[in-house]
Amino acid sequence: MITILGGGIAGLSLAYYLSNKIPGKKIIILEKEKNLGGVCRYTHISDKLFPICYHHIMLSDKHTLKLVNDLCLEKELFWVKSTMSFYKSENYYTLSSVGDILSYPNLSYKDKAVLIVFILKCLFGFFDRIDYSIKARDFIIKKTNKRVYLEIFEPLLRFKFADLKDGIMAKWVIERIKVKEANSMFGFLRSGNGSIIDELEKNLRMRGVNIINNCLVKKINLSKNKSGNFVIDAVNNNGELNLYSNKIVSTFPWGEFIKLIKNPDEVGLNQFRNIKYTKAISVIINLKKKLNIPYWTNNLDSRFKIGGFFNYPSKSSLVYLAKYVSKFNKGDDDKIVSEFMKICKLKSSDIRDKRAYLIHNADPLPDNFYDLGQLNKLKKEGMFFVGINTLPFKTNLDSAIFSAKSAVKGLI
Ligand SMILES: Cc1cc2nc3c(=O)[nH]c(=O)nc-3n(C[C@H](O)[C@H](O)[C@H](O)COP(=O)(O)OP(=O)(O)OC[C@H]3O[C@@H](n4cnc5c(N)ncnc54)[C@H](O)[C@@H]3O)c2cc1C
């Protein structure tokens, strides 16, 4: 039996690939929430399935695109060409080409030249061998200058990492620039991107995968019992559960996982105890009118604390607002909504509906290099790790699906 801990995209896609390879194998998924999908779980809006946080697919997300095809959702897929924009002082700027940067009014020509050289050097691999201990702030100031850092990079790091921004590795920024999200095609599903989760769930239930939702895992004993099984204690609607499984795969965030282990030292897990996570506030607002703003806007305006907003290409005029934080404060969601209304000059009567979600473990914080590749080499037979937690710098759907695919061989 294989027990998968967590019903996010990593856990669900793992069950999908396993049941393709070994049909009939007993597979169980344990998920604490009522709805599957984890960070990418969905909500119904106008009979479509929208993820609770903005989600788009990139052309380079080949594992996600293959899964979309396998689930027969390819006809649903459509692409929107968009440039990432930056909001400052009532204006939207794009900074995706040399021409864009040169026409940006808030930096001198000298600073713009410095910024362009820095970006080109990142793209062409000049900094690829950088030491993981070097922090983004120090590195960017050294390679550009303080004005460029404060004008462009500091707000972007603040959006993604809030007050933890000064600890972020320079390597993360370099890798992120290379993804070239600034000028790209963004993919969406007509039925809503949440339909990937919905289709996976239907498919897995049809194949006999035992999905137990509302099921909180409370303890895992990594010392196998006499029959060679791990013992998992969990609780669901029917009360306490004791599960015995000879293979377990965790997709849980590290902090959550390690807390559940009776004996983390035994398998060298303690080295991962300090991996921190960012938290995210996501608000979906359903407007009565379509806004004429770009798909993706990052906020560079220090008067506002909102991180970014995403004008979804949907008939329902949805906008996702996002802000990453290190801890949640009451009323944060209302604050970012009122900031957004100010930025877009909206009245309360323009909003049909709004929903706010708090994501407790949004992304592992790239403040330190963890040799996550070592995870699956930990000497504990039958214990595997999958999900965004296992791939440094790559925290998206595609990397979660890739990590699931990569684990299949070891599990069969
Ligand atoms: C705001 C935001 C926007 C994003 N936008 C994009 C995007 O546009 N494109 C993209 O590709 N990616 C995007 N991502 C990233 C993507 O959503 C994640 O990388 C991916 O969903 C992670 O999947 P996972 O299965 O590894 O982890 P998770 O989704 O975190 O799954 C882990 C599961 O384990 C469950 N769990 C945890 N503890 C327990 C327990 N004790 N008992 C039982 N169950 C438990 C959780 O409930 C969860 O369902 C975004 C993320 C955020 C936060």
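Tutor: Start with the layout, and keep in mind that this is a predicted model. The C-alpha centres of domain 1 and domain 2 are 36 Å apart.

Student: Which residues make up domain 1 and domain 2?

Tutor: Domain 1 takes in 2-39, 191-275 and 369-411. Domain 2 covers 97-180.

Student: OK, the ligand. Which residues come nearest to it?

Tutor: Gly6, Gly8, Gly38, Gly387 and Asn396, out of 35 residues around the ligand.

Student: And by class, what is in that shell?

Tutor: The shell has 17 nonpolar residues, 13 polar ones and five charged ones.

Student: Which helices and strands supply at least two residues each?

Tutor: The helices are α1 (9-21) and α11 (397-411), and the strands are β11, β15 (277-287) and β19 (351-364).

Student: I clicked on Lys219. Where is that?

Tutor: Lys219 sits in strand β11, which runs over residues 216-221.

Student: Why does Lys219 count as partly exposed?

Tutor: Because Lys219 has 13 C-beta neighbours inside 10 Å, and a residue is exposed at 12 or fewer and buried at 20 or more.

Student: What is Lys219 in contact with, leaving aside neighbours within four places in sequence?

Tutor: Asp233, Leu260 and Lys262. Leu73, in contrast, is 146 residues from Lys219 along the chain, and their C-alpha atoms are 37 Å apart.

Student: New topic: how many residues does α4 have?

Tutor: Helix α4 has 15 residues, 109-123. From first C-alpha to last it reaches 21 Å, close to the 21 Å expected.

Student: And what comes just after α4?

Tutor: Gly125, with a positive phi of about 80 degrees.

Key:
Residues numbered from 1 in each chain as written. Predicted model: local features only at pLDDT ≥ 70, side-chain atom pairs only at ≥ 80, totals over all residues. Helix = DSSP H or I, 4+ residues; strand = E, 2+ residues; numbered from the N terminus. Expected span 1.5 Å × (residues − 1). Domains from an automatic or database assignment. Contact = placed C-beta atoms within 7 Å. Near = placed C-beta within 6 Å. Nonpolar A, V, L, I, M, F, W, Y, C, P; charged D, E, K, R; others polar.
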